[in-house]
Amino acid sequence: MRSGIHNKMCWSRALVTGLALVLVQMLCLEGVPISIDKTKVKEPEKTPEEPPASVDTGLHYDRYLREVIDFLEKDQHFREKLHNTDMEDIKQGKLAKELDFVSHHVRTKLDELKRQEVNRLRTLIKAKQDLEGGNDIAVDHQALLKQFEYLNHMNPHTFEVDDLDRLIRSATKDLENYDKERHDEFKRYEMMKEHDRREHLKTLDDDDRKKEEEHYEEMRKKHADHPKVNHPGSQNQLKEVWEEADGLDPEDFDPKTFFNLHDTNGDGFFDEQELEALFTKELEKIYDPTNEEDDMVEMEEERLRMREHVMNEVDSNKDRLVSLDEFLVATKKKEFLEPDSWETLEQNQAYTDEEMREFEEHLAQQEQDLNLKAVDLQKQRDELERQQEQLNAQKIELQQAVEHMERLKSQKVEPPPEVHVDGNDIPEIHDNQLQFEPEAQAQEHQPAQHIPQDTPQGHHEQQNQVLDQHGLPQAHQDLPPGHHEAAQGEHNMP
């Protein structure tokens, strides 16, 4: 198993300018157990070990990168070429050309991995579009995939030499920028913390503000009051680990033995995690999670600064790994034997006054923009409420109109049943069945000749009006003799 791990780490070192750092992070084991005296620990019997746990690189295509590496490592030809390839050749893409000689099984699996990754990116693009409310807009996946430089989007089906070359270059660039992004994020964190403190002071009266300022200065002094911090990677710093963590006599310090003790996976290299484990004792001098004045976010930034400093001084080939040879060479330098003092974060403010001013201006602009949006949203809300009130009023009017129509319908009397009249019989008409049609109502408003009802002619005229309203034949009392029969004949005609 040791040889397997060694092969993995050699693979990591060879690809460090491309995929190397990824492999280092993925294949490293747990950090050194600093509280154990390794010279007094009995070696356990060798048992089959589990593969080392992978460490997330922080890249958004981390899983795809891991899977590609795992399958390339399974090809004997590619692995052999890797160990014989110069770093500059890897940078120039010569190693990627060896993909043409990889076994068919591995190539087939790489094709499948690429198709899955392209589908994943398309799904992410579609999800982002849905969140932005563009459900009805056609998505140009080809155009959007251009932003992902680590694969060739023009060929979404097969994994080719260009895909491996792109993956190496992208991983190199992204990982080189990773530490810078962490520093920038920490700087924003520190400026926001200071901004919040200043804003809090504005809410206090003079007495409380004075007390708060005094408390702040007191916490700063307590944090700065700690034992001397050794220069990371110096002889004094490593001897302290040798004595306190390893339980050995500092007079017997031996760089090679120290290296082997803290090369936790035995691959012959210090990776970034193994280096950072060496700084734990120094960090414990400055930070205590139980102290109010100590910020654990700042502690991780300090750890990062220490690791970067050692890498810059010791990692001569810039592969982000420290070999035994590089380590031994560094222990002979003046910087190792007589180092300068190490300035901690409280002595090195993460931001300048100008950066703080620009940051607060940016926050003020953001707040102004948010306020304008809030005003606009409030106007939209008021308009929607006004429209809702109009709709409610229209709804009430419509309901009232419907209710009015229902009342009118319920008050309407059914017309009298149809009556068949034979001869001169006149149907009985009740007063409550007399319904005046619009024509009759119109006639009521027209001036008519007044005929007294107490005369026979008046009574006869009134009777004819009633009969006429119901479509019945009129009485012909005043017809001359002989005309009654003619009227009767007209009435009996079909």
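## Close-up views of the predicted model

**Figure 1. K222 is partly exposed, its relative accessible area being 43%.** Partly exposed denotes a value between the limits for buried (under 20% relative accessible area) and exposed (over 50%), computed with a 1.4 Å probe on protein chains only. K222 belongs to helix α9; helices (H or I, at least four residues) and strands (E, at least two) are DSSP runs numbered from the N terminus. Between the C-alpha atoms of K222 and E292, which lie 70 residues apart along the chain, the separation is 9.6 Å. The model is predicted, so that local features need pLDDT of at least 70 and side-chain atom pairs count only at pLDDT 80 or more, while totals for chains, interfaces and linings use all residues. Residues are numbered from 1 along each chain as its sequence is written, and side-chain values use heavy atoms, with hydrogens and water left out.

**Figure 2. The second largest pocket has a volume of about 880 Å³.** On a 1 Å grid over the protein atoms alone, a pocket is an open set of points where a 1.4 Å probe fits, with protein on both sides within 12 Å along at least five of seven lines; lining residues have an atom within 4 Å of a point. Grid points are joined across faces, edges and corners, and the volume is the space filled by probe spheres set on the points. The lining comprises 26 residues, of which E190, K193, Y216, R220 and E298 are the closest to the centre of the pocket. At least two lining residues come from each of α8 (161-202), α9 (206-224) and α17 (353-411). Helix α9 contributes the largest share, seven residues.

**Figure 3. R182 and R307 are in contact with each other.** Contact means heavy atoms within 4.5 Å. R182, in helix α8, counts as partly exposed because its relative accessibility is 28%. Neighbours within four places in sequence aside, R182 is in contact with E300, E301, L304 and R307. The C-alpha atoms of R182 and L304 are separated by 9.0 Å, although the two residues are 122 apart along the chain. R307 is placed in helix α14 (residues 296-314) and counts as buried, at 4% relative accessibility. With the same exclusion of neighbours within four places, the contacts of R307 are D179, R182, E272, L275, E276, F279 and R320. G233, 74 residues from R307 along the chain, has its C-alpha atom 8.8 Å from that of R307.

**Figure 4. The largest nonpolar core has 30 residues.** Such a core is a set of buried Ala, Val, Leu, Ile, Met, Phe, Trp, Tyr and Cys residues joined through side-chain atoms within 4.5 Å. V68, L72, L110, Y150 and L164 have the most contacts inside the largest core. Helices α3 (62-73), α4 (76-83), α6 (104-131) and α8 each supply at least two residues of this core. Apart from this core lies another, of 29 residues, including F186, L238, F253 and A330. Beyond its neighbours within four places in sequence, L110 is in contact with V68, F71, L72, L99 and F159.

**Figure 5. Helices α10 and α11 carry buried residues.** In α11 (residues 255-262), P255, F258, F259, L261 and H262 are buried. Viewed down the axis of α11, these residues fall within an arc of 165° and so line one face of the helix; the arc is that of the directions from the helix axis to the C-beta atoms. Their cover includes α10 (235-244), β1 (269-270), α12 (272-277), β2 (322-323) and α15 (324-330). The buried residues of α10 are Q237, L238, E240, V241 and W242. Among the elements that cover them are α11, α13 (280-286), α15 and α16 (334-337).
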